[in-house]
Amino acid sequence: MTERSLIRRSPLQLAVADQGQRLVSGLLHPVRLVPLAFLAVIIVGAGMLMLPISRTGDSGDIVTTAFFTAVSSVCVTGLITVDTATYWTPFGHGVILALIQVGGFGIMSLATLLALFVRKTIGLRGQLVAQSETHTLNFGDVKSVLFKVLKIMAVFEACTALVLTARFWIAYDDNPGTALWHGVFHAVSAFNNAGFALYSDNLIGFAEDPWIIVPICAAIVAGGLGFPVIIQLFRTGLKFKNWTVHLRLTVYGSLLLLGAGIVLFAAFEWNRPETLGPLSFTGKLLGSLAGGVFPRTAGFNSIDYGVATPETLMVTNILMFIGGGSAGTAGGIKITTFLVLGFAIWNEVRGREQVTIAHRSISSSTQRQALTVALLGVGAVVLGTLLLLMVTDYSLEKVLFETISAFGTVGLSTGITYHLPPTAEWVLMALMFTGRIGSVTVASAIALASRPRLFMLPEERPIIG
């Protein structure tokens, strides 16, 4: 035994050492590692976008613009304060594409895969981190799920890129290199529900081209379903009796929301000269399809939402806030959250104590989690809207659309993003970050300790309603 080991530490030293260990352990907790990793990539991405090689000029607030674009890219949102096509150089476009891909796949999932390739193994902490990112249920599934996620992304993005590349090359006279780059960029942006485009008018110029709109819509829907759903669909196919509750809620809910969005968009915009009116019948159908799909957190647009009807904006707000499937590239509070709350309300109205879906009971903890996610989402949107109203002169309608788009990581805008002051841009950044990481993850990262009570307090029923 060495002389140093015989030295006794004072109670104060022990307390300080214990506090330091707890601090380090808390910071390295898997629930906190995910937002910290996203934040780290955002900072790196913003730094790269601030390089002269990334920009065509030095106009505007370069720091805020770079950070806004990096947050929007990593959080797969698509909101922009500058014209992506003209402000950024090809190198800048490459940085944006990389940030979208990393953000869509998940920082910690990517880090786990790299660790697997290097060490051929995965530790308990790595499994916890990957679980929080991919929403897998069993430790043993994490490794296989991550590889499946990587394969799914590669297949969907490659197929979409192939169709888009051929179309850009054949129909729009792009040279093969440009066609391939545009095809890959928009395929990655679509599957990851990012909404970034290399055209100044986004996809308005392709509003009547089914070879552009349909593949992008298909990629958006696939990415928005969520990886657990895609994996289960490959495993079970159309054997509906083997479908889990999560699979049923996500698939049926997606079909319901897509159908409602398409029909309502067509009803409100079909004959309006500012939007779908001048288009051919096929163009109107494609525009309605895009109007139902793009608000599902994708962010592309084939019409100018600045001239859309208030009814269209309201329906779009609802679709953006609900979002897509869990553990995918979509944002919002998620379809399962929305439907679990809907079933809970329905069962409460019918006087049933137990919430059941597809002959399965839904635990009270799941219901509380859904309620927490929804209310935190409402709180974030309300706070963001209030702050934007304080620092801008825009109407409530336009500001609410912007904040829901940011929180839902959608990227649609009525055109006010370009003209917002820096303070408003930072508010939108916070909303995008919160929406991408998830309300529950952010709340859990702040309050990690969950200690079960060893006693029950007396019950009391306050008057409700």
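Here are some friendly notes on the salt bridges, one threonine and a surface patch in this predicted model.

1. **Ground rules.** Residues are numbered from 1 along each chain as its sequence is written, and side-chain values use heavy atoms, with hydrogens and water left out. Because the model is predicted, local features need pLDDT of at least 70 and side-chain atom pairs count only at pLDDT 80 or more, while totals for chains, interfaces and linings use all residues.

2. **Salt bridges overall.** Side chains of opposite charge can pair when their charged atoms come close. A salt bridge here is a side-chain nitrogen of Lys or Arg within 4 Å of a carboxyl oxygen of Asp or Glu. By that rule, the count is three.

3. **A link between distant parts of the chain.** D209 and R167 join their side chains in a salt bridge, at 3.0 Å from N to O. The two residues are 42 apart in the chain: R167 sits in helix 9 (residues 142-171), and D209 is in the loop between helix 10 (176-191) and helix 11 (210-225). Helices are DSSP runs of H or I with at least four residues, numbered from the N terminus. D209 is buried, with a relative accessible area of 4%, whereas R167 is partly exposed at 26%. For these words, buried means under 20% relative accessible area, exposed over 50%, and partly exposed in between, using a 1.4 Å probe and protein chains only.

4. **A network around R272.** E269, R272 and E274 are linked in a network of salt bridges. R272 pairs with E269 at 3.1 Å, N to O, and with E274 at 3.3 Å, N to O. E269 is buried, at 0% relative accessibility; E274 is partly exposed, with a relative accessible area of 43%.

5. **T65 and its neighbours.** T65 belongs to helix 4 (residues 62-74) and counts as buried at 7% relative accessibility. Leaving aside residues up to four places away in sequence, T65 touches T81, V82, Y87 and W88. Contact means heavy atoms within 4.5 Å.

6. **A nonpolar surface patch.** V44, M48, L51, I53 and F91 make up a nonpolar patch on the surface, and together they have about 420 Å² of accessible area. Patch members have over 30% relative accessible area and no salt bridge; like charges are joined within 9 Å, and nonpolar side chains (Val, Leu, Ile, Met, Phe, Trp, Tyr) within 5 Å. The areas come from the Shrake-Rupley method with a 1.4 Å probe, and for residues only the protein chains shown count as cover. F91 lies in helix 6 (residues 90-105) and is partly exposed, with a relative accessible area of 34%.
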